[in-house]
Amino acid sequence: KRPKSLLDKNSNSEVTCKKSKKAEIKKSCRRLLTPKMEATSSKEESTLQKSSLDVHAESNKWQYKSPSDTVVLSPDTESSQEGDSDEDTTPGLDDFSELSPYERKRLKNISENANFFASLQLSESAARFREMIKKRQPPESKRKKPKKKENETGCRRSMRLLKVDPSGVPLPAAPIQTVLEVDENPLIPPGPLEMTPENQDDDNALFKGFLQTWAEMSKTRSKNTEKELSSIKSYKVHLNGMVISEDTVCKVTRGSISSMAIHPSEMRTLVAAGAKSGQVGLWDLTHQPKEDGVYLFQPHSQPVSCLYFSPANPAHLLSLSYDGTLRCGDFSRAVFEEVYREETRSFSSFDFLTEDASTLIVGHWDGSMSLVDRRTPGTSCEKLIKTSLSKIRTVHVHPVQRQYLITAGLRDIHVYDARCLNLSRNQPLISLTEHTKSIASAYFSPLTGNRVVTTCADCKLRIFDSSCISSKIPLLTTIRHNTITGRWLTRFQAVWDPKQEDCIVVGSMAQPRRVEVFHETGKWVHSFLGGECLASVCSINAMHPTRYILAGGNSSGRVHVFMNESCG
């Protein structure tokens, strides 16, 4: 055991050592930090002072007076401060007594960063760079034009370009020549036109024989309404027997085909096609070679949108065009008569209101209709009827109750009573508003009129029940079918088969190219495939009323005919 005096002596010596060490640390810190902090700029001092004040706000127990008081404490200093709390402290060092190690480390980093950025001298460098990147404007240098010598000879110029004669006298101004634009499809003059084929000589013996054949066929009339409806099974058998060959494919018109019709004769196969160029082509399939049986006429100047053979006289072919004319081709007299003419309007479709084909209803593209009576003299209409439709694409008359007619507009389909039509805006009896896009056609079934088939651009074929027109016409079937033909192909129009009124015929966009037949229930019945003979889309199709013959027209003016071998 040590005596008490020795212990007191050791404690006093330790205190003295601590005081001496503390005084040395203060001096060394002031000696080291003061010159460094004085070298910093005023901007960096304010930044450091602001950060120090943040530390002061966090601790709330010490005051930061100047950057020169910032000290990094050593472990010896920390231990000495713990034992000398009652000692007189010097400002700038004793204020760090209650800081945590993290806060002291943070202050140390702040001071080191400030010294580092001060040593970089960024403000001076930035000023030097600004002076270096200043664009020096190049001195203006004007190119001196060479002086023209007085005696120098200039370039020789043509006297024709100078518009002077060899003697130097100016030539008179040449008269302006007006260039007349040649219309590809000039307007057809009003009145009857002679039936002169463009592709053959009118004195040809074949054409004379062709006209005589039409005169003989006008005496025979088919009565397809008395024929009973066959079963689907036997109907499929007949469709399977219909074939196509190279002899039944021929180019009939020069432009795209927009309408089709088949003559009802049971002796010969005669097909009529209307083109977008206003031409009407006739093809007699009994002639060989087949080119000798094609006769091309130009009765219109714009697309032929509708073709019908007269139900009263099959030798009459009625054609309707966009050019505002309705003509009747009388092949017994070899003339195209003008039935109705209205150049200010564009016609879209027509149909016969009476069975003797004396009265017609004509639809216009502006949404109005015309009532035409062929028995009255002149080429004007009897009545101009306004409807609530903005456009009329097709007009079709009920085959039994002929006072009813159906019109296909842009989005809606209306049924009207022809007996109640007047000059003012007429309200329809029934409207079919199930269509969501543009409508192409709407037709009654050919025998009873109990069904209506519509073709719409929403890729759907719809079949309605029209057995009771006095009430609402319900929707029976919806058939998914691609009807998007584009701008270069004629739009699809689904039509009824006159022999089988519960089946419809429509073109197809599917590969390989085909023409399809559907039942009114929506079931697929048959597809006419032609292989290499049918390599294009047949947009417009027509079926023979009594024989199993199908004719389809494409955009190149070709007609494809499927027929049963027994038809000849």
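Me: How many residues stand between β26 and β27 in their hairpin?
Reply: This is a predicted model, in which local features need pLDDT of at least 70 and side-chain atom pairs count only at pLDDT 80 or more, while totals for chains, interfaces and linings use all residues. Residues are numbered from 1 along each chain as its sequence is written, and side-chain values use heavy atoms, with hydrogens and water left out. Helices (H or I, at least four residues) and strands (E, at least two) are DSSP runs numbered from the N terminus, and two strands pair if DSSP finds at least two bridges between them. β26 and β27 (residues 514-519) pair in the antiparallel sense over five bridges, and the number of residues between them in the hairpin is six.

Me: Is strand β26 largely enclosed by the rest of the structure or largely open?
Reply: Buried means under 20% relative accessible area, exposed over 50% and partly exposed in between, with a 1.4 Å probe and protein chains only. Eight of the eight residues of β26 (residues 500-507) are buried, so the strand is largely enclosed by the rest of the structure.

Me: Which residue of β26 is the bridge partner of W496?
Reply: Strand β25 (residues 495-497) runs antiparallel to β26, and three bridges join the two. Their hairpin passes through two residues, and the partner of W496 in β26 is I504.

Me: Which residues of β13 point the other way from T359, I361 and G363?
Reply: In a regular strand the side chains alternate between the two faces of the sheet. Six of the six residues of β13 (residues 359-364) are buried, so this strand is largely enclosed by the rest of the structure. With T359, I361 and G363 pointing one way, the residues that point the other way are L360, V362 and H364.

Me: Which residue of β14 is the bridge partner of G363?
Reply: On one side, β13 is joined by five bridges to the antiparallel strand β12 (residues 347-352), where S349 stands opposite G363. β13 also pairs with β14 (residues 368-373) in the antiparallel sense over five bridges, and there the partner of G363 is M369.

Me: What is the phi of Q121?
Reply: Q121 is found in the loop between α4 and α5, and its relative accessible area of 47% makes it partly exposed. Although Q121 is not a glycine, its phi is positive, at about 55 degrees.

Me: Which helix gives the largest share of the nonpolar patch?
Reply: Patches are made of residues with over 30% relative accessible area and no salt bridge, with like charges joined within 9 Å and nonpolar side chains (Val, Leu, Ile, Met, Phe, Trp, Tyr) within 5 Å; a salt bridge is a side-chain nitrogen of Lys or Arg within 4 Å of a carboxyl oxygen of Asp or Glu. F116, F117, L120 and L122 form the patch, with about 390 Å² of accessible area together, by the Shrake-Rupley method with a 1.4 Å probe and only the protein chains shown as cover for residues. L122 is found in helix α5 (residues 122-133), whereas the largest share, three residues, comes from helix α4 (residues 101-120).
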